[in-house]
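Let's take a friendly walk through a protein structure together. Have the sequence and the 3D view at hand, and try each question before you read on.

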Amino acid sequence: MKEQVKKIASYVPEEPLASVERRLGLKKLIRLSANENPFGTSEKVKAAVTSWSFSETNRYPDGDAQTLRQAVAQKLQVPANQLVFGVGLDEIITMISRIFLQPEDQVIQTSPTFSEYALHTQIEGAQTIDVPCDPITGKHDLTAILAKINSKTKLIWFCNPNNPTGAYTSVAELDKFLSKVPKETMVVIDEAYIDYVTQNSAPSAISLVGKFTNVIVLRTFSKVYGLANYRVGYAYAVPKVINYLQAIRLPYNLSSISQVAATAALADQKFVTDSILKTVQEREKWQIFFKKQQIKFFPSQANFIFFYYPGALELAEYLLQHGFQLRKGLVDDWLRLTIGGETEGEQLRKLMNNYRK
């Protein structure tokens with residue numbers, strides 16, 4: 001066994017909702033801890049999956065995901081052969097780390113950020129270099145990241161908007177940053193939450209692929225499309241990089257039912273638009289609430305908000321006892337709140353007001 005693997009603690013998934021409800025005697029638990037889409041999934045997905053039903057379950061799926069590939073390529077206006085699909089972005093992150101990292105390599109990331117970047121860096125025996133986010137905005141500190149780059153730097157991870165801070169870095173800022181990054185260093189821009197960005201009309205860094213050959217952009221169907229259970233993610237990069245990813249991708253990695261669901265979800269942009277609108281409206285209410293209550297938070301462009309609260313664990317337990325589960329344990333005295341529906345938001349803000357009294 002690799003020595004570095006011996007030091008990794010096994011992932012502990014969240015306790016199932018039904019189990020928590022039984023344990024606490026709750027009639028209903030609202031999970032606002034996993035950044036899922038609280039508005040469900042498109043009815044078009046339900047119709048497509050139901051229609052597919054038990055079709056050809058004895059056959060392997062389309063290993064190249066051709067129908068989904070063409071649909072995504074058309075939506076993004078990119079070449080279809082520059083896409084690679086994975087079982088969620090988890091598999092894509094695994095593949096990127098496996099391809100590029102060796103022992104003694106270095107990986108730069110913002111702190112805090114999505115934990116899987118550092119996990120796979122450790123698995124490959126490389127070293128994670130953490131650069132603290134801007135303490136006021138929660139944004140990536142691009143100047144500090146550039147200062148950390150050296151001959152050992154193989155990867156730079158950008159979650160944009162960043163999880164858990166919710167802060168967004170513009171394409172113009174990334175363009176300027178990338179012009180100063182050595183071509184030998186791969187920059188991965190994880191856009192899992194890009195659909196929720198409202199401060200820019202064209203927020204995605206997809207236009208930077210090609211201009212810079214060392215850029216990979218990641219997307220997922222788990223968030224705004226409401227397909228977290230179907231596990232569909234993909235990467236877009238220059239052909240050379242995509243060929244590397246395709247070379248190590250497991251054959252038939254994406255099930256037929258996942259491909260059917262994702263293709264149907266992509267076709268229902270009204271569901272997407274409605275989900276974004278509801279989220280943005282509720283996000284604004286939360287930011288107004290935190291300002292009024294003088295609770296420190298990072299301005300968010302995602303479907304969650306990260307806020308500071310002394311005694312955060314006690315607050316989280318109080319809210320859990322009243323039927324709301326928030327994400328704790330990311331940074332001491334900080335909680336991440338997935339933005340839910342209007343009614344849920346009103347109930348939760350009332351609970352927090354009562355707790356402060």
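Predicted model: local features only at pLDDT ≥ 70, side-chain atom pairs only at ≥ 80, totals over all residues.

Q: Which residues that line the largest pocket are the closest to its centre?
A: The lining of the largest pocket holds 48 residues. By class, they divide into 21 nonpolar, 15 polar and twelve charged. The closest to the centre of the largest pocket are Y11, F114, S115, E116 and R327.

Q: Which element gives the largest share of the lining of the largest pocket?
A: Several elements each supply at least two residues here: helix 5 (88-100), strand 3 (106-111), helix 6 (115-123), helix 12 (312-321) and strand 10 (324-326). The largest share is five residues, and the element that gives it is helix 6.

Q: Which residues that line the second largest pocket are the closest to its centre?
A: The second largest pocket has a volume of about 300 Å³. Its lining is made up of 19 residues. The closest to the centre are K75, L76, I194, D195 and R219.

Q: How many residues in the lining of the second largest pocket are nonpolar?
A: Helix 4 (66-76), strand 7 (215-220) and helix 11 (269-292) each give two or more residues to the lining of the second largest pocket. By class, this lining has five polar and three charged residues. The number of nonpolar residues is eleven.

Q: How many charged residues are in the lining of the largest cavity?
A: The count comes to one cavity of 30 Å³ or more, and the largest cavity holds about 50 Å³ of space. Its lining consists of D62, G63, D64, A65, R69, F85, Q246, R249, N253 and L254. These divide into three nonpolar and three polar residues, and the number of charged ones is four.

Q: What kind of aromatic pair do F158 and F177 form?
A: The whole structure has 18 aromatic pairs, and we can look at one of them. The centres of F158 and F177 are 5.2 Å apart, with 85° between the planes. F158 is in strand 5 (residues 153-159) and F177 is in helix 8 (residues 171-178), 19 residues apart. Planes over 60 degrees apart make a pair edge-to-face, and the pair of F158 and F177 is edge-to-face.

Q: Are F158 and F177 buried or exposed?
A: To answer this, recall that a residue under 20% relative accessible area is called buried, and one over 50% exposed. F158 and F177 fall in the class called buried.

Q: Why is the pair of W286 and F289 edge-to-face?
A: W286 and F289 are three residues apart in helix 11, so about one helical turn separates them. Their ring centres lie 5.5 Å apart. The pair counts as edge-to-face because the angle between the planes is 85°.

Q: Why does W286 count as buried?
A: The cut-off for buried is under 20% relative accessible area. F289 is buried at 8%. W286 is buried too, because its relative accessible area is 1%.

Q: Which residue lies over the face of W286?
A: Ring pairs link W286 with F289, F290, F297 and F307 into a cluster. W286 also has a charged residue over its face, at 4.9 Å from the ring centre. That residue is R349.

Q: Which residues is S97 in contact with, leaving aside its neighbours within four places in sequence?
A: S97 is in helix 5, and it counts as buried because its relative accessibility is 0%. The contacts of S97 are H120, E124 and W157.

Q: How far apart in space are A265 and E43, C-alpha to C-alpha?
A: A265 lies in helix 10 (residues 256-267), and at 1% relative accessibility it counts as buried. Beyond its neighbours within four places in sequence, A265 is in contact with V45, Y225 and L227. A265 and E43 are 222 residues apart in sequence, while their distance in space is 8.7 Å.

Definitions and conventions. Residues numbered from 1 in each chain as written. Heavy atoms only, no water. 1 Å grid on protein atoms, 1.4 Å probe; cavity = no way out; pocket = protein on both sides within 12 Å on 5 of 7 lines; lining within 4 Å. Helix = DSSP H or I, 4+ residues; strand = E, 2+ residues; numbered from the N terminus. Nonpolar A, V, L, I, M, F, W, Y, C, P; charged D, E, K, R; others polar. Points joined across faces, edges and corners; volume = space filled by probe spheres on them. Phe/Tyr/Trp six-rings, centres within 6.5 Å; stacked < 30°, edge-to-face > 60°. Buried < 20%, exposed > 50% of the residue type's maximum accessible area, 1.4 Å probe, protein only. Lys NZ or Arg CZ within 6 Å of the ring centre and 35° of its normal. Contact = heavy atoms within 4.5 Å.
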